[in-house]
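Take a look at the model, try each task, and then compare your steps with the solution.

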Amino acid sequence: MGPLEGVRVVELAGLGPAPFACMMLAELGADVLRIERPGGGLAMGPPELELVNRGRRSVALDLKNPAAIDVVRRLVAQADVLVEGFRPGVAERLGVGPDDCHALNPRLVYGRMTGWGQDGPLAQSAGHDIDYLALSGALHLIGRAGGPPQVPANLLGDFAGGSLYLVVGVLAALHNAQRTGEGQVVDAAIVDGSAHLTTMLLGALAGGSWKQERGTNLLDTGAPFYDVYETADGKHVAVGAIEPQFYAELISKLGIEAPDRYDPANWPELHKVLAETFRQRPQDEWTELFDGSDACVSPVLPLAGDHPHLEARGTFVDKDGVRQAAPAPRFSRTPTTLDRPPAKAGQHTREALADWGITDIDGLIETGAAVQN
């Protein structure tokens, strides 16, 4: 199932971006074996609701036990990919760093997920999504004129600048390993990925079409035709009518007279006109009015909200009693599926280790090196 069918991945469990990357690899068809500490790690809820852990089996190993490290090394010898999200140097101290693993398996792609990267002055420092965005400049971009930067949850750093770059790196290195027989290390740092995401705007800044002042530009709520407006019922609609023909349709459907949008001096007045207009009707009426049009007006929905387009595409699915996002992207010949719910730490220790050819499972469990939950 999926384009990565036959690829075997060992995941040394961590938090946030590394698990999300491994979730994606599993949904793409890879056999991902999640190695967790007995009892699991930090979580935002019960195991069955840790959706980033879906799609793979869980083995509980005590990595402080040499016998458990030996199991990891035996798994690595068979794997195509290893993913870890420790601070730099931790995997090396455990005996499963890149040199250790490549001595066992030269073809191995060794994926490393950190916030600051494997080197640099901050490499050993703690941090979170918001910190990486702050240094990369991405956080500075988000917010209204005269206001502070706004925090985009942990979507932009952890998952866009982190997980997705790790997945791209792993897939590229895997392709190279299949051609050359040589694996390599993928150093995916959230601060790097977040900075890379700003590439288009860096070009605009250099060319003078983007200003450092937040909330004064085309795509950061500076332009009134690219903003969010409150509706009569306290909800919101998003307006993205950038192109002239889309903007003309917006104004026509609203039935209003508007000042010339091409003169930024008119933007405050235009913003006021649009805000007053959208406050006159509830969100569902605006949604009906603009449905199917090119005015680029959409309702701002809550998490896992309902919409006919999302329903038609199956963007969200109800799986094991939980509404969740379906795998993305989609493939015409090797479709992806949600085949495994999130597992408790060690739920598949016996089954998964046996499938990977580990035969001394009873002894590992008796000594505490492995745990079956």
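**Exercise 1. Sort the lining of the second largest pocket by residue class, then describe the pocket.**

Solution. Start with the classes: 10 nonpolar, 3 polar and 1 charged residues make up this lining. Here Ala, Val, Leu, Ile, Met, Phe, Trp, Tyr, Cys and Pro count as nonpolar, Asp, Glu, Lys and Arg as charged, and the others, Gly among them, as polar. Next, the volume of the second largest pocket is about 290 Å³. A pocket is an open set of points on a 1 Å grid over the protein atoms alone, where a 1.4 Å probe fits, with protein on both sides within 12 Å along at least five of seven lines; lining residues have an atom within 4 Å of a point. The volume is the space filled by probe spheres set on the points, which are joined across faces, edges and corners. Of the 14 lining residues, Ala138, Leu141, Ile142, Leu156 and Leu201 are the closest to the centre of the second largest pocket. Finally, helix 7 (190-197) and helix 8 (199-207) each give at least two residues to this lining. Helices (H or I, at least four residues) and strands (E, at least two) are DSSP runs, numbered from the N terminus.

A word on the source: this is a predicted model, in which local features need pLDDT of at least 70 and side-chain atom pairs count only at pLDDT 80 or more, while totals for chains, interfaces and linings use all residues. Residues are numbered from 1 along each chain as its sequence is written, and side-chain values use heavy atoms, with hydrogens and water left out.

**Exercise 2. Find the aromatic pairs, and say which parts the pair of phenylalanine 20 and phenylalanine 159 ties together.**

Solution. The whole structure holds 7 aromatic pairs. Rings of Phe, Tyr and Trp (its six-membered ring) pair if their centres lie within 6.5 Å; planes under 30 degrees apart are stacked, over 60 edge-to-face and the rest tilted. Phenylalanine 20 and phenylalanine 159 make a tilted pair, 4.8 Å centre to centre with 40° between the planes. Phenylalanine 20 is in helix 1 (residues 17-27) and phenylalanine 159 in helix 6, so their pair ties together parts 139 residues apart in sequence. Now turn to phenylalanine 278 and tryptophan 286, an edge-to-face pair at 5.0 Å centre to centre and 65° between the planes. Both of these residues are buried, where buried means under 20% relative accessible area, exposed over 50% and partly exposed in between (1.4 Å probe, protein chains only). Ring pairs also link Tyr229, Phe278, Trp286 and Phe290 into a cluster.

**Exercise 3. In what order do the strands of the open sheet lie, and which stand at the edges?**

Solution. The order of the 7 strands is 6-5-4-1-2-3-12, with mixed pairing. Two strands pair if DSSP finds at least two bridges between them. Strand 6 (184-189) and strand 12 (370-371) are at the edges with a single partner strand each, so one side of each has no neighbour in the sheet. Further in, strand 2 (residues 31-36) and strand 3 (residues 57-61) run parallel, joined by 4 bridges. Leucine 33 stands opposite arginine 57 in strand 3.

**Exercise 4. Where is the cis peptide bond?**

Solution. Follow the backbone from alanine 328 to proline 329: this peptide bond is cis, with omega near 0°. Proline 329 belongs to the loop between strand 11 (322-325) and helix 13 (349-355).
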